[in-house]
Amino acid sequence: MTAPGENLRINGDRLWESIHSIAQIGPGIAGGSNRQTVTDEDAEGRALFQKWCEDAGMTMGVDQMGTMFMRREGTDPDALPVYVGSHLDTQPTGGRYDGVLGVLAGLEVVRTLNDLNIQTKHPIVVTNWTNEEGTRFAPAMMASGVFAKQFTQDEAYAKEDAEGKTFGDELARIGWKGDEEVGMRDMHAFFELHIEQGPILEAEGIDIGVVTHGQGLSWTQVTITGKESHTGSTPMPMRKNAGLGMARVLNLVDEIAWSHKPDAVGAAGHIDVYPNSRNVIPGKVVFTVDFRSPNLDVIKDMEKRLDIGAKQICGEMGLDIEIEKVGGFDPVAFDENCVTAVRNAAERLGYSHRNLISGAGHDACWINRCAPTAMVMCPCVDGLSHNEAEEISQEWSTAGAEVLFHAVVETAEIVS
């Protein structure tokens, strides 16, 4: 397999302009983006992406989950396509780069091939996966999850947003429910470029993250029940303080995560306290513990220690506790050949690089179950993401897209 010459580079100015052009659709209130899945803004962003791709000579396919597949033909009609992409949907207060960079860098791969009049043996398909964020309709990575048969299309269609609207109805309403059966595409490989969403690359001054693994995730919902009573008139020995029980359990969560450093993490992101009044001792708390690790045995250990330790804490405090696992997925090990293609591309282009474990879920994590897959990451300022202040530099986006270009084109095999 012939590697692209190190002189082959993408048009970083064009990529940067495209990123900020699409950000004008569904703008946030503080400089970011609010283009939530299957909204009118999502539909408008899709239409612009479609136009750009068709202007670049690609043809479009859309599956029944609304995922867009934009195809550049290869010279061998029997060769499986190399897929590349990410997602265009955003958080309600999302940044301009999360997901969008990966889709538009895929478009830039094709634009650059056109500029250089390069043909590949394998077709290249630039992909916009529907509802990666999962912010309006849970779960995240919904369309890629259906593609990888992790849950059914009917389950996805039935998901409701806060207003009771279903995903299936909203997808049809915006006109992006395709005819193609989901999951019927065979892939030669899949590559995804993404901002790191963490601080490591920037802190170490590294250009490129070569993603070798994706962390597994475990979500456990904990409900602790005590007794609501007056904060001023209830003696300390007579209290059944569910809030205090939660505090002690969360301290345990932190200790458990630290015991598996440096790659394991743990915290509670979602917390409800009842009645949540200034002068009432909490009688009930509901919170979700989020454990992550690239090692499945570590995740199982953390879950087990939480179950035993939380029950012991609440038993000693006279509190009732219920523990329920409500979500998660196993760790991901990306394809060694695809990872090597990414690493070789960075070295060929002279970019500094290091191995990374992705702490967030991505469409690539599901597609890895269907095809050889790898991810490229570029730094983001302070590791900040899912926030309108999310920021990267043009140099970072260019470096990431150039590594993506070389990995994709090497895998798709240059023929002229």
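Colleague: How many aromatic pairs does a search of the whole structure find?
Modeller: Nine. Rings of Phe, Tyr and Trp (its six-membered ring) pair if their centres lie within 6.5 Å; planes under 30 degrees apart count as stacked, over 60 as edge-to-face and the rest as tilted. Mind that this is a predicted model: local features need pLDDT of at least 70, side-chain atom pairs count only at pLDDT 80 or more, and totals for chains, interfaces and linings use all residues. Residues are numbered from 1 along each chain as its sequence is written, and side-chain values use heavy atoms, leaving out hydrogens and water.

Colleague: OK, what kind of pair do Trp-129 and Phe-147 make?
Modeller: Their ring centres are 5.4 Å apart and the planes sit at 80°, so that pair is edge-to-face.

Colleague: Which residues do ring pairs link into a cluster?
Modeller: Phe-69, Tyr-83, Trp-129, Phe-147 and Phe-190.

Colleague: Switching topic, what lies over the face of Tyr-274?
Modeller: Lys-284, at 5.6 Å from the ring centre. The rule is NZ of Lys or CZ of Arg within 6 Å of the ring centre and within 35 degrees of the ring normal.

Colleague: Last one: which residues is Met-65 in contact with, beyond four places in sequence?
Modeller: Among them are Thr-130, Met-142, Tyr-157, Phe-167 and Val-182. Contact means heavy atoms within 4.5 Å.
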